[in-house]
Amino acid sequence: MLMTSGLVADRTPDEIESASRILGMQRIVSLIYAGADVTPLWNELMQRIGADSADAAALFDLATILQTLGRSDEAQHVLRGAVELKRDFCVVHGNEQGPRLLAFVTQGNFMANTPLDFLLEGSDCVLWLHYVDPETTELKDLPDHDVAFMAIGESTENVPVLARMQLLLADFDGPIMNNDPELISRLTRDGVSGMLANEPSILSPSTYRVPREDLVAVGAGVKALDESAPGLSFPLVVRPISTHAGSGMERINDIPGLAAWLATQPAPELYVAPFIDFCGPDGLYNKQRVVFINGKAFASHMALSEHWIVHYLSAGMAESPAKRAVEQAWMENFDTDFAIRHKESFAALYRHIGLDYFGIDCAELPDGRLLVFELDVAMVVHNMDSPDIYPYKQVAMRKLFDAFVNAVRNKKADTEAS
């Protein structure tokens, strides 16, 4: 099922006949992330589509390539075509003798849904993706599965489908993980900051959702900042709604700076929050991604950057042995160090969220509190980094992935025992 010469799918006759089987996100994204030439795979998929324009699986994999290459509009167009043809797609891992996991997903980019395909890397699981939308009226004729997973993440675009799934899953018969679409819909940046506001061990900066015209009035000096974002003062962090990875985010130091930024930013609604200086004594900004599986915390990655907008891919981790040494120590000692220091914070997070699976981006403040930037169910968690450069990640990510598969197994076993 993998690829001849590392690229072109080497399918058995049964797999060729299975119109639902796809290569999936983990295989395709990993190839491109590693710098492989996907031209042979692209050509194979185009040949399949040329021979059969209704080959939904080929369209799906083509959309994944386009999305990975940053051609998002084209990717969404192709994905829509695939989903119009078929609602169910299957990704097989290993010998396919492991649990069968059915994920309820919706159309969108890689951050629209929990990236379960990455979490199942190295397992023997079968993952079914079942696409739903705001017009879905019932969940019927679903693929055979052991456990279901509500994988649709919070976003402005996903609000209608989350509301629909809240109704559809109310009477769902069978074990299901993350079965709380209403709670997921409340995991907005302002929702999370309000949810965690009274936790003494956590700082989740007060975040306001503000119409652009209100901020324009602030920038013009005809409205006070406190009227739109009570209690806030400069410097601020502003960003468009439903953006990630620092896209469109800016630090604003004063009213003229706000006016200048708004002149370049057409988004109709924006998040406004205080700027929290979390720079460490080494002059670097540390940001950690932590994943929670049934309430237990697991290290996903740490990025160290000279810039306050910390993004792993632009932080220079691959080029800096010193930065990687810090990440290695954090990952290897996570259970006996970071997780112990923040035990109270982790317990509070799980108490408020209560989902089987979610992730946070955070940092450690000098006063010991956990600074929470974001909380989501759809953060990308992967093991694509080179084992030659990041050998320590292999153990940590295997531990996380195994814990997720065990959670699926336990969900199934608990249901069978009851």
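This is a predicted model: local features need pLDDT of at least 70, side-chain atom pairs count only at pLDDT 80 or more; totals for chains, interfaces and linings use all residues.

Biologist: How many nonpolar, polar and charged residues are in the contact of α4 with α5?

Modeller: On the α4 side the residues include Leu59, Phe60, Leu62 and Leu66, and on the α5 side they include Val78, Leu79, Ala82 and Leu85. Counted by class, the contact of α4 with α5 has eleven nonpolar, four polar and one charged residues.

Biologist: And what is the handedness of the crossing of α2 and α4?

Modeller: Helix α2, residues 25-33, and helix α4, residues 56-68, have axes that come within 10 Å and cross at roughly 40°. The crossing of α2 and α4 is right-handed.

Biologist: Which residues of α2 and α4 make that contact?

Modeller: By class, the contact of α2 with α4 has five nonpolar, two polar and one charged residues. From α4 come Asp61, Thr64, Ile65 and Thr68, while the residues of α2 are Met25, Ile28, Val29 and Ile32.

Biologist: Turning to the sheets, which strands stand at the edges of the one that contains β3?

Modeller: Five strands form this open sheet, with mixed pairing, in the order β3-β5-β4-β6-β7. Two of its strands have a single partner strand each, so one side of each is left without a neighbour in the sheet, and these are β3 (88-92) and β7 (176-177).

Biologist: Which residue of β5 does Phe89 stand opposite?

Modeller: β3 and strand β5, residues 126-131, run antiparallel and are joined by five bridges. The residue of β5 opposite Phe89 is Leu129.

Biologist: In the sheet that contains β8, which residue of β16 stands opposite Asp361?

Modeller: That open sheet of five strands has mixed pairing and the order β8-β16-β15-β13-β14, and its edge strands are β8 (202-203) and β14 (296-305). Strand β15, residues 357-364, pairs with strand β16, residues 370-376, in the antiparallel sense over six bridges.

Biologist: At about what angle to β16 does helix α15 run?

Modeller: Helix α13, residues 321-332, lies across β13 and β14 and runs at about 170° to β14. Helix α15, residues 343-353, lies across β8, β13, β14, β15 and β16, and its angle to β16 is about 30°.

Biologist: Which residues does a cis peptide bond join?

Modeller: Most peptide bonds are trans. The exception to look at has an omega of about 5°, and its proline lies in the loop between α11 (225-228) and β10 (236-240). The residues joined are Phe234 and Pro235.

Biologist: Finally, what radius of gyration does the protein have?

Modeller: The C-alpha trace of the protein spans about 65 × 50 × 45 Å along its principal axes. A compact globule with 418 residues would have a radius of gyration near 22 Å, and the value for the protein agrees, at 22 Å.

Definitions and conventions: Residues are numbered from 1 along each chain as its sequence is written. Side-chain values use heavy atoms; hydrogens and water are left out. Axes are lines fitted to C-alpha atoms, for helices over the stretch in contact, and angles run from 0 to 180 degrees between N-to-C directions. Helices (H or I, at least four residues) and strands (E, at least two) are DSSP runs, numbered from the N terminus. A crossing is left-handed if the near helix is turned anticlockwise from the far one by less than a right angle, and right-handed if clockwise. Contact means heavy atoms within 4.5 Å. Ala, Val, Leu, Ile, Met, Phe, Trp, Tyr, Cys and Pro count as nonpolar, Asp, Glu, Lys and Arg as charged, and the others, Gly among them, as polar. Two strands pair if DSSP finds at least two bridges between them. The radius of gyration is taken over C-alpha atoms; the globule rule is 2.2 Å times the number of residues to the power 0.38.
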